[in-house]
Amino acid sequence: MTQNRDSIKANNNKLYSSRRTFIKTAALTGVAALVTGVPLASYVIAPSLNKGTGKWIDFGPVEDLNPGSMEMLSYEFMVKDGWLVLPQRGFVWAKTEAGGNLRIFSSTCTHLACNVIWREEEEVFVCPCHSGRFNGDGRNIAGPPTRPLTVLQHKVEEGNLMVFLTV
Ligand code: FES
C-alpha cells in the first residue's frame, strides 16, 4: 500500500515536472517568437505598405525652355513599389509665359487619365481617348473632363527646373 502511494506520488511529481517544463518551454518559445517575429514581420511586410507620395524630378536647365512656348518634358525614374523597383515614365507640359512666368501642367487627363497632347495650331490640349479638350491654361473646355489639368508644383534650384511628381 505504502509502495503504491509512493509510486503514485512519484508519478504525480513526474507529471508536475513535465507540465512545468512544458509551460516553461511554451513561455520561452512565445518570448523568442515575439523577439524575432516582430522585427522579421515588419521587415517583410513594411516594404509592401511603404509607398512614396511624391518626388522632385530634375528637368535640367530652366534657361533651355523657349519663352512663350508650351514644351513637352519627359522623365523616367525608378519607383520602389513594395518589393518591386519599376521604371516610371511620362511627361509634363511646361508653359513659359511672358515675363518669365512658368507653369507646369500634368499630362494626365482628368477624365480617365490618358495623356493629353498639346496642339500648337489650335492652342489646346487634346486627349486622344475621348476627345477631351483643355485650353492653354489647362482649363477643361470640351468633352468629358470636368476638371482642369493639374498644375504641378515646381521650383528652380541652381538653374535647374525641379517638378514635384506624385509617385
Ligand atoms: S481620358 Fe481624356 S477624355 Fe477621357
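A charge is said to sit over a ring if NZ of Lys or CZ of Arg is within 6 Å of the ring centre and within 35 degrees of the ring normal. In this structure the charged end of Lys155 meets that rule, sitting over the ring of Trp56 at 4.1 Å from its centre. The structure is a predicted model, in which local features need pLDDT of at least 70 and side-chain atom pairs count only at pLDDT 80 or more, while totals for chains, interfaces and linings use all residues. Residues are numbered from 1 along each chain as its sequence is written, and side-chain values use heavy atoms, with hydrogens and water left out.

## The sheet

Strands (E, at least two residues) and helices (H or I, at least four) are DSSP runs, numbered from the N terminus, and two strands pair if DSSP finds at least two bridges between them. Strands of a sheet pair through backbone hydrogen bonds, either parallel or antiparallel. Here an open sheet of four strands has the order S2-S3-S4-S9, and its pairing is antiparallel. Strands S2 and S9 (151-152) stand at the edges with a single partner strand each, so one side of each is left without a neighbour in the sheet.

Strand S2, residues 70-81, pairs with strand S3, residues 84-96, over 12 bridges in the antiparallel sense, and one example is Val79, whose bridge partner in S3 is Leu86. These two strands form a hairpin with two residues between them, and in the turn Gly82 has a positive phi of about 65°. Elsewhere in the sheet, S4 and S9 run antiparallel and are joined by two bridges; Phe105 has Val151 as its bridge partner in S9.

## Salt bridges

Side chains of opposite charge can pair when their charged atoms come close. With a salt bridge taken as a side-chain nitrogen of Lys or Arg within 4 Å of a carboxyl oxygen of Asp or Glu, a search of the whole structure finds eight of them. Among them are the contacts that link Lys95, Glu97, Arg103 and Asp137 in a network, and these are set out below.

| Salt bridge | Closest N to O distance |
|---|---|
| Lys95 and Glu97 | 3.9 Å |
| Glu97 and Arg103 | 2.9 Å |

Asp137 lies in the loop between strand S7 (133-135) and strand S8 (140-142), whereas Arg103 lies in strand S4, so the pair ties together parts that are 34 residues apart in sequence. Lys95 is buried because its relative accessible area is 17%, while Arg103 is partly exposed at 23% and Asp137 is partly exposed at 43%.

## Aromatic pairs

A pair of aromatic rings is described by the distance of the centres and the angle of the planes. Rings of Phe, Tyr and Trp (its six-membered ring) pair if their centres lie within 6.5 Å, and planes under 30 degrees apart count as stacked, over 60 as edge-to-face and the rest as tilted. By this rule the count comes to seven aromatic pairs. In one of these, the ring centres of Phe59 and Tyr75 are 6.3 Å apart and the planes stand at 90°, so the pair is edge-to-face. Phe59 belongs to strand S1 (residues 55-61) and Tyr75 to strand S2, so that the pair links distant parts of the chain, 16 residues apart. Both Phe59 and Tyr75 are buried.

Phe105 and Phe125 also form an edge-to-face pair, with 5.7 Å from centre to centre and 65° between the planes. This pair too links distant parts of the chain, with Phe105 in strand S4 and Phe125 in strand S6 (residues 124-126), 20 residues apart. Phe105 is buried, and so is Phe125. Both belong to a cluster in which ring pairs link Phe91, Trp93, Phe105, Trp118 and Phe125.

## Thr110 and Arg119

Thr110 is found in the loop between strand S4 (102-106) and strand S5 (117-119), and Thr110 is buried, with a relative accessible area of 11%. Its side chain reaches the backbone oxygen of Arg147 at 2.6 Å, which falls under the rule for a polar contact (a pair of N or O atoms within 3.5 Å; within protein, one must be able to donate a hydrogen and the other to accept it, and residues adjacent in sequence count only if both atoms are side-chain atoms). With contact meaning heavy atoms within 4.5 Å, Thr110 touches Phe134, Pro145, Arg147, Pro148 and Leu149, not counting residues up to four places away in sequence.

Arg119 is found in strand S5 and is partly exposed, with a relative accessible area of 32%. Leaving aside neighbours within four places in sequence, Arg119 is in contact with Val124, Val126 and Arg133. The C-alpha atoms of Arg119 and Gly136 are separated by 9.6 Å, and these two residues are 17 residues apart along the chain.

Terms used: Buried < 20%, exposed > 50% of the residue type's maximum accessible area, 1.4 Å probe, protein only.
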